[in-house]
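Subject: Structure handover

Hello,

I am passing this structure on to you. Please look at it first, and then read the notes below.

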Amino acid sequence: MNRDNPYYAVIFTSTQTINIEGYAEMSIQMENLAKQQKGYLGIESARNEVGITVSYWESLEAIKNWKQQTDHLVAQRKGRTDWYSWYKVRICKVEREYEFNSQH
């Protein structure tokens with residue numbers, strides 16, 4: 001991402017229920033939809049026993065707008081009723097970043 005200005009990270013940590021029918025499809029749909037939102041910067045995700053998805057945004061307003069997006073609201077409801085036994089959302093301001101990449 002390598003941005004000069006601070007930006008925001010939304011960290012979504014979760015555990016799933018046994019019933020995850022339709023989850024993979026909805027996840028792909030939400031990622032594609034997020035990419036179309038104003039202020040979206042990127043996403044990283046991993047899942048084993050606990051899933052962690054971090055999405056990156058230009059502003060708190062962009063995050064608020066994404067949270068209230070109609071299709072995203074439907075996915076959130078489905079997550080609470082079917083797919084997640086627990087989740088936590090953290091919103092953080094990223095002041096600085098650096099990385100190591102042995103491939104470059």
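In what order do the strands of the open sheet stand, and with what pairing? The order is E2-E3-E1-E4, four strands in all, and the pairing is antiparallel. E2 and E4 are the edge strands, each with a single partner, so one side of each has no neighbour in the sheet. From one strand to the next, the twist averages 15°. Please keep in mind that this is a predicted model.

Overall layout

The protein chain contains three helices and four strands. Along the sequence they follow the pattern β-α-β-β-α-α-β. Along the principal axes, the C-alpha atoms fill a box of roughly 40 × 30 × 20 Å. The chain has 104 residues, of which 29% are buried. Among contacts with a separation of 6 or more, 75% are between residues 24 or more positions apart.

How the strands pair

E2 and E3 run antiparallel and are joined by seven bridges. The two strands are also linked by a hairpin of three residues. One place to look is Glu44, whose bridge partner in E3 is Val54.

E3 and E1 are likewise antiparallel, with seven bridges joining them. Here Tyr8 has Trp57 as its bridge partner in E3, and Ala9 has Tyr56. E3 itself is mostly covered, with five of its seven residues buried.

E1 and E4 are joined by ten bridges and run antiparallel. Tyr7 stands opposite Val94 in E4, and Ala9 stands opposite Cys92 in E4.

H3 lies across E1 and E4, and runs at about 140° to E4. As for the strand pair E1 and E4, ten bridges hold that antiparallel pairing. H1 packs on the sheet and touches E1, E2, E3 and E4, with its direction at about 160° to that of E2.

The largest pocket

How much space lies in the largest pocket? The computed value is about 860 Å³. The pocket is lined by 33 residues, and those closest to its centre are Phe12, Thr53, Trp66, His72 and Tyr84. By class, 20 of the lining residues are nonpolar, nine are polar and four are charged.

Which elements supply at least two residues each to this lining? They are strands E1 (7–16), E2 (40–47), E3 (51–57) and E4 (84–94), together with helices H1 (23–35), H2 (60–67) and H3 (70–83).

A closer look at His72

His72, one of the residues closest to the pocket centre, lies in helix H3. Is it buried or exposed? Its relative accessibility is 15%, and the cut-off for buried is under 20%, so His72 counts as buried.

Which residues does His72 contact, leaving aside its neighbours within four places in sequence? They are Met30, Leu33, Trp66 and Lys67. Trp66 is also among the residues closest to the centre of the pocket. His72 and Gln29 are 43 residues apart along the chain, and their C-alpha atoms are separated by 9.5 Å.

Regards

Technical notes
Residues numbered from 1 in each chain as written. Predicted model: local features only at pLDDT ≥ 70, side-chain atom pairs only at ≥ 80, totals over all residues. Heavy atoms only, no water. 1 Å grid on protein atoms, 1.4 Å probe; cavity = no way out; pocket = protein on both sides within 12 Å on 5 of 7 lines; lining within 4 Å. Points joined across faces, edges and corners; volume = space filled by probe spheres on them. Nonpolar A, V, L, I, M, F, W, Y, C, P; charged D, E, K, R; others polar. Buried < 20%, exposed > 50% of the residue type's maximum accessible area, 1.4 Å probe, protein only. Pairing = 2+ DSSP bridges. Axes fitted to C-alpha atoms, helices over the stretch in contact; angles between N-to-C directions. Contact = heavy atoms within 4.5 Å.
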